Amino acid sequence: MSKTHSSSQKHQPSQLRNPQYLPLISVIIPVYNVAKLLERCVESVRAQVYPNLEIILIDDGSTDMSGAFCDVFAKKDSRIKVIHQSNQGLSAARNAGLKIATGKWVTFVDSDDTVRPEMIDLLHKMCYTNRTKMSICGFYEVKPGSTTTIDPHRRDTEKALDTLDCLKAMLCEDGFTMSAWGKLYARELFDLVTFPDHRLYEDVGTTYKLVLQCDEISVSSAREYNYYQNDNSITQQSFSLHKMDLIDLTDQMCDDILAWGKSRKDSDRTMLENLTKKRRMHARFSILRQIVMVDDHSDQVDRISLQNAETSVVKYLRKHKNDILKNPLASRRDKLAMRSLQLGLPAFKFAWQKYAAKHK
């Protein structure tokens with residue numbers, strides 16, 4: 001069960017609480033061709049009110065000035081360490097950071113995002129207070145040209161969720177997602193876990209493994225992480241067959257979660273079955289949306305392979321339609337997507353275009 005309390009006022013920063021114990025926290029920031037955005041990110045981390053930080057910048061074979069900028073930042077702040085490596089991808093960059101991290105705690109920040117000054121302090125405070133090995137905060141989704149504003153009347157809450165409730169919130173994206181960022185982890189959680197190399201959607205294959213190691217996870221609704229939408233994100237890039245990684249990683253996650261839940265009571269197993277059915281369908285709808293939006297004249301994707309992928313995804317969705325239509329955890333959007341697909345791919349594409357335009 002979760003324990004909840006309100007926190008309408010900002011928490012007191014660590015240095016003002018005069019704590020007896022301030023462990024080192026490693027902040028891992030993978031860097032690849034973000035020269036124009038890197039300073040914004042790094043300065044937001046340097047400005048954290050939690051003072052005992054180790055900031056690790058992994059230059060993953062950048063071809064712009066990002067690598068040089070990393071070295072400049074390291075000269076300005078002794079807390080910053082820099083790794084330069086050939087381009088190997090986000091997973092390899094994070095894993096490289098984990099290898100040299102010396103903090104008792106670890107957090108990740110994407111180099112095109114920013115964090116609010118009290119984020120790390122809040123995440124640590126929750127773990128310390130609730131004696132948990134993991135904590136999560138909320139986030140702002142910042143669209144191009146927009147800014148984030150803090151509602152002075154907003155009443156944020158903090159909870160200590162058990163493993164099952166955290167899985168439910170994460171898989172339903174209720175306040176937070178499976179992204180590695182916006183979370184604080186005890187370093188020991190990564191002793192037997194690494195990010196999957198050379199895979200897209202690597203967080204899908206990782207975060208649940210960390211949650212499953214925790215009896216409880218501290219969660220705050222405070223939006224301390226600024227997630228910037230940009231044209232270079234995985235979801236915004238043109239479709240490639242490599243994106244089918246989402247389905248493979250989701251299926252593996254769902255299989256592992258069901259295996260974990262085998263010894264739980266009947267009601268818990270039923271919830272997990274509904275959660276995993278919903279998530280498998282969600283992954284395939286995500287891929288299908290990207291497939292149907294591929295330009296008919298694009299020569300960037302092998303048309304035969306694309307058609308085979310589309311056929312496979314549609315076949316699964318139609319065969320398992322009741323995993324959405326009769327699932328109490330399925331969202332209204334899930335059900336609308338399923339209904340439109342039953343009318344045919346043109347109807348599905350039209351419905352998705354309307355939805356995307358409305359939520360742009």
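Tyr-201 is found in the loop between strand 9 (183–186) and helix 7 (207–211), where helices (H or I, at least four residues) and strands (E, at least two) are DSSP runs, numbered from the N terminus. The phi of Tyr-201 is near 55 degrees, a positive value in a residue other than glycine. Most residues other than glycine have a negative phi. Tyr-201 is also buried, with a relative accessible area of 12%; here buried means under 20% relative accessible area, exposed means over 50%, and partly exposed lies in between (1.4 Å probe, protein chains only).

This is a predicted model, in which local features need pLDDT of at least 70 and side-chain atom pairs count only at pLDDT 80 or more, while totals for chains, interfaces and linings use all residues. Residues are numbered from 1 along each chain as its sequence is written, and side-chain values use heavy atoms, with hydrogens and water left out.

Asn-33 has a positive phi of about 50 degrees although it is not a glycine, and Asn-33 lies in the loop between strand 2 and helix 2. At 29% relative accessibility, however, Asn-33 counts as partly exposed.

Among contacts (heavy atoms within 4.5 Å) with a separation of 6 or more, 82% are between residues 24 or more positions apart.

In soluble globular proteins, nonpolar side chains tend to be buried together. A nonpolar core is a set of buried Ala, Val, Leu, Ile, Met, Phe, Trp, Tyr and Cys residues joined through side-chain atoms within 4.5 Å. Of the 98 residues in the largest nonpolar core, Ile-29, Phe-108 and Met-134 touch the most other members. Helix 9 (residues 266–292) gives the most to this core, with nine residues. Leaving aside its neighbours within four places in sequence, Phe-108 is in contact with several residues, including Ile-28, Leu-98, Trp-181 and Tyr-225.

Helix 3 (residues 66–76) shows how burial can follow one side of an element, for in this helix Ser-66, Gly-67, Cys-70 and Phe-73 are buried. Seen down the axis of helix 3, the buried residues fall within an arc of 115 degrees, so they line one face of the helix; the arc is that of the directions from the helix axis to the C-beta atoms. These buried residues pack against strand 2 (25–31), helix 2 (38–46), strand 3 (53–60) and strand 4 (80–85).

Strand 10 (residues 216–228) has several partners, and two strands pair if DSSP finds at least two bridges between them. Strand 6 (residues 114–115) runs antiparallel to strand 10 and is joined to it by two bridges, with Thr-114 opposite Asn-226. Strand 7 (residues 134–142) pairs with strand 10 in the parallel sense over seven bridges, and Ser-135 stands opposite Ser-218. Strand 8 (residues 156–162) pairs with strand 10 in the antiparallel sense over five bridges, and Lys-159 stands opposite Val-219.

Finally, a search of the whole structure finds zero disulfides, a disulfide being a pair of cysteine sulfur atoms within 2.5 Å. For Cys-214, the nearest cysteine sulfur, that of Cys-166, is 7.9 Å away.
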